[in-house]
Every structure is written in structure tokens, then in C-alpha cells.
Amino acid sequence: MDADTVVGTELLGLRRRRPEVAGAVLAGTDGLLISSDLPSTDATHLAALAAASYGLGHRVADTVRRGEFRESVVRTTDGCVVTYPAGRSALLTLVTASAAEDLEGLHEEARAVARRAGRVLDTRGGGIGATAVPDAHAPLAVRTPMATLPTQLRRSARPTWRRPPI
């Protein structure tokens, strides 16, 4: 069975077992859509929003140093949107049709689906277009000030634009 079939089966199975789940989206951490079982919303936009939500949640979790990011939950008047990490470079986002009274039960089952789908995507390797989340403690890119460069490099870095002949 190929990876797309396994992932699709996982998403469909989750919806069958959890009737409060109105739809599911699997996306890369870069916001690119991988798979969707979402009938009433634009899955492409939700994939991008899930990546943004995950990036923010991951950074907050890292900043407060209270453990690994587990999920991002947005509660609305008519339900919830929950995003879980799925492997090294994917996200599982669920949309619930109700307030999800048993949110802990949903979290437990959804995390298991995210782990299985993530494992499939991780072993498939590179085909999803997603990039792994960068290390939050890695140094930021730094530009070298021009004044610290050797004189020969400073001259060659100057723009060479000239006025065109009239």
C-alpha cells in the first residue's frame, strides 16, 4: 500500500471513529497541502494557517521551556480546530463540528493517527515538499558589515550600474 493510501485511510478512519470530527487536513510544516478529508472548507488555506499556528505554538513552547509542543487548539462557538505535529515535517489538523466535550479523548486518538501518518511520511522521504522545523536555538543569519570586509571585496561589492547612452 502506498503512503497516500495509508494516510487517506488514517484520516477517514479517524472521522469514522470520532463523529465530532468534521474534517481533517494533513499538511507540511511549510503550509503545503498533503492530503485532505475536509468537505466544507478550503483545505489549502487551512494547511497554510495550520503551519502558521504550529510555528507560533512551537516557538512559544520552546521559549517557555515547558516541554515539547503537543497541539494547538482554537475553540470557536461551534467547534474546535486542533493541529498536531505528524512526524518530522508534517501536521495533522482536525476541524470538529461541536465543542468536543471529550477533547482529551480526541487528543489521544488524534496523536496516535498523527504518529502513524508521520511515520509513513518520514519513511517515504522528501516527497511532500515540506521542510523540517529549524532548531529554535540555532543562531540567526547575520550580515557582515561592509566596513569589516577587506578593501578589495568592498570595491567589488559596489554597484556597477551606469547610465545608458542617450
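The side chains of glutamate 10 and arginine 116 are joined by a polar contact of 2.9 Å, a polar contact being a pair of N or O atoms within 3.5 Å; within protein, one must be able to donate a hydrogen and the other to accept it, and residues adjacent in sequence count only if both atoms are side-chain atoms. The model is predicted: local features need pLDDT of at least 70 and side-chain atom pairs count only at pLDDT 80 or more, while totals for chains, interfaces and linings use all residues. Residues are numbered from 1 along each chain as its sequence is written, and side-chain values use heavy atoms, with hydrogens and water left out.

**Glutamate 10**
- Glutamate 10 lies in helix α1, residues 3-17.
- Its relative accessible area is 14%, so glutamate 10 counts as buried (under 20% relative accessible area; exposed is over 50%, partly exposed in between; 1.4 Å probe, protein chains only).
- Leaving out residues up to four places away in sequence, glutamate 10 touches Val113 and Arg116; contact means heavy atoms within 4.5 Å.

**Overall make-up**
- The protein has four helices and five strands, in the order α-β-β-α-β-β-β-α-α from the N terminus; these are DSSP runs, helices being H or I of at least four residues and strands E of at least two.
- Of its 166 residues, 37% are buried.
- Among contacts with a separation of 6 or more, 53% are between residues 24 or more positions apart.
- The accessible surface is about 10700 Å², and carbon and sulfur atoms account for 55% of that (Shrake-Rupley method, 1.4 Å probe; for residues, only the protein chains shown count as cover).

**Nonpolar cores**
- The largest nonpolar core has 19 residues, and Leu26, Tyr84, Leu92, Leu94 and Leu106 have the most contacts inside it; such a core is a set of buried Ala, Val, Leu, Ile, Met, Phe, Trp, Tyr and Cys residues joined through side-chain atoms within 4.5 Å.
- Two or more residues of this core come from each of α1, β1 (21-28), β4 (79-85), β5 (90-96) and α3 (103-124), with α3 giving the most, seven residues.
- Leucine 92 touches, among others, Leu11, Leu26, Tyr84, Ala110 and Val113, not counting residues up to four places away in sequence.
- A second, separate core of seven residues includes Val25, Leu38, Leu46 and Ala47.

- Leucine 26 stands opposite serine 35 in β2.
- Four residues lie between the two strands of this hairpin, and glycine 31 in the turn has a positive phi of about 90°.

Conventions: Two strands pair if DSSP finds at least two bridges between them.
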